[in-house]
Amino acid sequence: MGRARHASIRWALGATVLALSLSGCGPSPAPADQEAALAPSSPTQARPLVVFVRTEPSSPAARPLVQAGASLRFVMRVFNALPALLDAQGMPHPELLASLPLLNSDDWQIFPDGSMLTTYALRPSLTWQDGHGLTADDFVFAWRVYSTPVLGLAGQPPWPAISDVAAPDPRHIVVHWKLPFPDADTLATKSSSAFPPLPRHILETVFDQISTSGRDAFDNHPYWGAQYVGAGPYRVQRWETGTFIDAVRFDQYALGAAKIPRIELRFSADQNVVIASLLAGAAHVATDSSISKAPEALTQQWGQSRAGAVFQAPSSLRYMGFQLRAEVANPRAILDARVRKAVAHAVDKAAVNEAIYAGLGVYADTPVWEGSAWGEALDSSIPTYPLDPRATESLMNQAGFTKGSDGFYRGQDGRLSLEVATTEGADNVREMLVYADRLAAAGLSVEQRALPAAQAQNGQVRSSFPSMQITGIGMGEQALNGLASSQISTADNKWTGGNVNGWSSAAFDALLDGFNTTLNRSERVLLVRHMLRVFADELPMVALFFNAQPFAYVKELRGPAPTAPESNLAWNIHEWEFE
């Protein structure tokens, strides 16, 4: 399909809202022992907003030490506050900050050598959810933690660009930058480069022991889990492992106490359970991949009962990644770009679109969506790989493979056999089977493997696939940063890097460095275009679809709406209302 048609489908999908009205339904009761312990005025006694997410978070932190395998952006937003947040249009607004610094002002100075100095003022009287004051020292401490090489995150933005962070007084943060950093005005609000504060009063003692005792005690500190203390609109009240997190509003949240007193986060990879709960009135929201890309059972029944709404908007990239670690790749032919391009030409996106997306798929050729902040970088100079069996055959022949009598490609070592892996789940497995079937029809022998959802949280497992893996990543700028060589997940960084394919390209890295240190937007657009050309030429992955993440909610809930992909669907959750 051409880009023009892709664009029309994308915009139609992003704007589609199945607006339906609510039939009566009863609340989900809170545990009896918890209710008995609560005073009548306690927010935990209020009717909870029950929200399903697909996977239990490894940590609710804005930037956890262990990289999660699934995107849980709703969970992150509920419990955290950042210096600034992005609204529905992707525009930044102060959250913990009192205001955003302006370029070429006293608060954002650029020096002839390219270094910078930025000064930030915090809102007055900020507190952590345990009542301790949140001050500039907590940002200084966060910089110390995240820039510590042994913890594995020091190579991720913005840390490599920062030379020092200081707190001249409790309300002011001064950051000295080694290099120009375009998002310095918001202290890197984007999830891939966020600068969250960390509670020094909780973590400093155990952090200071890393050099003598190792990192295990710090990694395993209960702060990162059930005893999490954030500064967001909600705090952890109770965490039942494998079942739910009970969250209550944090009255001292920087932007004001949330209107909904209580949220119950439930985890389920079984969308039948999620949909049945929504239809029965036992749950009120489904997000973070807890329901399928085209939840027909839900939309059809809600369409008749007029019980709720579903909207979809591109939020992440679905891709087929190739294993590019020479020591892991099997067969080694996958290291040949000609073989990867041959596979790309055999990928039948249209078949998957009909089988999985009900014909509404948002096709992807690169990690950048036309409707995103960097969509203008896309043009015809960036190669694409449409379905073309003749191109597959030509490339395979060039790589030394010919079809045998059985119709499959063979080389000097016999039949070429590839493995394609995905995370278990009804849609994921169906998707994998369709791709494998079409690849086989093109002469590529493929074995399938479904990875248990729990293992998908393990960075080492996610990085150790032998041939190909169908998975997801943030789109646009987040995806580009995740493809850097510095983001390759390894034992040294505790498998936290987003580059699970192990792709390393000096040309791409140089362009990305320029992109992350250039302040002029027009120049950055050109750098994105050049990065996408390198990406297409070396092809570390086949971009498949921009996931239009379904967000389902009952009509009693007011506030959710589609947002720009750079933002978070729950950015304004503190303003949501639930009857």
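Select leucine 418 to begin. In this predicted model, leucine 418 is buried, because its relative accessible area is 2%, and the cut-off for buried is under 20%. Leucine 418 sits in strand 17, which covers residues 417–423.

Now show what surrounds it. Leaving out residues up to four places away in sequence, leucine 418 touches Pro331, Ile334, Val343, Ser445, Val446, Glu447, Ser467 and Met468. Pick glutamate 447 from that set. Leucine 418 and glutamate 447 are 29 residues apart in sequence, yet 6.3 Å apart in space, C-alpha to C-alpha.

Next, select residues 271–280 and 296–305: helix 8 and helix 9. The two pack at an angle of about 10 degrees, and their axes are 10 Å apart. Helix 8 is therefore roughly parallel to helix 9, as angles under 35 degrees count as such. Show side chains at the contact. Helix 8 brings Ile275, Leu278 and Leu279, while helix 9 brings Leu298, Gln301 and Trp302. By class, that contact has five nonpolar residues, one polar and no charged.

Last stop: the cavities. There are six of 30 Å³ or more. The largest cavity holds about 200 Å³ of space. To find it, select Met76, Leu82, Leu85, Thr189 and Asn568, the closest to its centre of the 17 residues that line it. Then colour helix 3 (73–79) and strand 3 (84–86), the elements that give two or more residues to this lining. Which classes make up the lining of the largest cavity? Seven of its residues are nonpolar, five polar and five charged.

Terms used: Residues are numbered from 1 along each chain as its sequence is written. This is a predicted model: local features need pLDDT of at least 70, side-chain atom pairs count only at pLDDT 80 or more; totals for chains, interfaces and linings use all residues. Side-chain values use heavy atoms; hydrogens and water are left out. Axes are lines fitted to C-alpha atoms, for helices over the stretch in contact, and angles run from 0 to 180 degrees between N-to-C directions. Helices (H or I, at least four residues) and strands (E, at least two) are DSSP runs, numbered from the N terminus. Angles under 35 degrees count as roughly parallel, over 145 as roughly antiparallel, 65 to 115 as roughly perpendicular and the rest as oblique. Contact means heavy atoms within 4.5 Å. Ala, Val, Leu, Ile, Met, Phe, Trp, Tyr, Cys and Pro count as nonpolar, Asp, Glu, Lys and Arg as charged, and the others, Gly among them, as polar. Buried means under 20% relative accessible area, exposed over 50%, partly exposed in between (1.4 Å probe, protein chains only). On a 1 Å grid over the protein atoms alone, a cavity is a set of points where a 1.4 Å probe fits but cannot get out, and a pocket is an open set with protein on both sides within 12 Å along at least five of seven lines; lining residues have an atom within 4 Å of a point. Grid points are joined across faces, edges and corners, and a volume is the space filled by probe spheres set on the points.
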